[in-house]
Amino acid sequence: MADAPAKLNFEGKDFDYKVLSGTVGPDVIDIRKLYAQTGAFTYDPGFTSTASCDSAITYIDGDEGVLLHRGYPIGQLAEKSSFMEVSYLLLNGELPDKSTLDHFTNTITRHTMLHEQMAMFFRGFRRDAHPMAIMCGAVGALSAFYHDSTEITDPTQRMIASHRLIAKMPTIAAMAYQYSVGRPFVYPQNNLSYTGNFLRMAFGNPAEPYEVNPIIERTMDRIFILHADHEQNASTSTVRLAGSSGANPFACIAAGIACLWGPAHGGANEAALNMLREIGTPDRIPHYIERAKDKNDPFRLMGFGHRVYKNYDPRATVMQQTVRDVLKELNVTDPIFDVALQLEEMALNDPYFIEKKLFPNVDFYSGVILSAIGFPTTMFTVLFALARTVGWVAQWNEMISDPEQKIGRPRQLYTGPTQRDYVPVGQR
Ligand code: CMC
């Protein structure tokens, strides 16, 4: 805690508010008693200056382009770690030793199967349904199946629900994809890695053996690491808010998926690749840059800009390098990658983007890789949701285990009519 309180002079009276310090990052002014003391609320739509909770999971320094999970830089984790290891780290706070990691991986692997009746839900969707629509429905439906892990005051049940969610997400994502292309569902196979298993369930076909390509497996695992958590972003805050009422954990994650779908959030990866394809060739880039700068045009450069990063998103740095490596290793050329590189260069040298500190974010390059791997654009946000599930459940667990946890209940600045009397319909 900082020594000196923050002082507020309001309607002629002085009030002191404690200033709390984290281990790193900006101090926060503790205004929990503000309303009781002053009768006033704070006003911060979009939460640009509001810390909604304390958390020991993920730290971002947006000015410096730093992202740490439990203290470890994202670049190191992406290069040296695995998604299972990062998942353990996010959930439990420390990197696991070898036998703990094996045990954790085994637990997740053994939860990948879905209740057989879940397949019926998929068949109720139109074949052309967006896979994010299917994800929202299918993950919400899990709440109807796993009643033995929904007593949220019990840490063991919370952990079982968390493991189930992390494990079943790839199965659901792969089923959503297989359904959309009219192929049969492929069941999990326990001798494969988390990511290898997902690739086989997504691209495999029961008539033939499926060989997991180790380059694609490693790349996909890295993409999952890059998306695993990002502190109090919109979908994570949605999961926390839903969970703050004591709601079913599977339903809370379905709420997070719904929020992630939006183009300003996880839906940006799909929108970014669609944009790059629409631009098509480098000569058309200036036109799109001009459109992005035009206040009368709703067009934005998708995969550019971030609420927190006012510097290069460190995930985009890894992603850009990964695209280079993967295209080289798979011996694939993609003209869209050149469009992306040139668009980035032109935007980063343009005064509009410099002044507003708009840099590529994680979604700018991810679509190029995912498309090279063979995923259609509609699956991109599904893959984001799959990976972010561990972050959501880690944050949800942290919130529920906080003894001071309260239901999230923001207030408002009311601007509607003041009280008036009802007029019967014939007299209006
Ligand atoms: N292209 C053109 N102008 C932009 C862009 C962009 N991509 N992003 C922000 N701006 C401008 C915006 O018009 C505004 O200008 P002004 O101050 O003149 O009104 C200024 O920059 C600040 O933008 P904002 O919308 O007030 O900032 P925000 O923090 O509320 O929004 C954002 C952040 C990510 C929603 C926004 O940058 C955006 O819409 N980017 C494109 C979508 C995207 O890539 N989203 C993925 C985010 S990263 C992954 C994730 O979180 O899921």
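Predicted model: local features only at pLDDT ≥ 70, side-chain atom pairs only at ≥ 80, totals over all residues.
Biologist: Is Arg315 buried or exposed?
Modeller: Buried means under 20% relative accessible area. Arg315 has a relative accessible area of 2%, so Arg315 is buried.

Biologist: Which helix holds both Asp221 and Arg218?
Modeller: These two residues form a salt bridge, with the closest N and O atoms 3.8 Å apart. Asp221 counts as buried at 12% relative accessibility, whereas Arg218 counts as partly exposed at 30%. They are three residues apart, about one turn of the helix, and that helix is H9.

Biologist: What is the distance between the closest N and O atoms of Glu290 and Lys293?
Modeller: Both residues lie in helix H13, three residues apart. Glu290 is partly exposed, with a relative accessible area of 47%, and Lys293 counts as partly exposed at 23%. They form a salt bridge, and the closest N and O atoms are apart by 3.2 Å.

Biologist: How much of the area that the ligand exposes when taken alone does the protein bury?
Modeller: A polar side-chain atom of His265 lies 2.6 Å from an oxygen atom of the ligand. A backbone N or O atom of Leu301 lies 2.7 Å from a ligand nitrogen atom. Taken alone the ligand exposes 930 Å², and the share that the protein buries is 74%.

Methods. Residues numbered from 1 in each chain as written. Heavy atoms only, no water. Polar contact = N/O pair within 3.5 Å; in protein donor to acceptor, adjacent residues only side chain to side chain. Areas by Shrake-Rupley, 256 points an atom, 1.4 Å probe, with all protein chains shown as cover. Salt bridge = Lys/Arg side-chain N within 4 Å of Asp/Glu carboxyl O. Helix = DSSP H or I, 4+ residues; strand = E, 2+ residues; numbered from the N terminus. Buried < 20%, exposed > 50% of the residue type's maximum accessible area, 1.4 Å probe, protein only.
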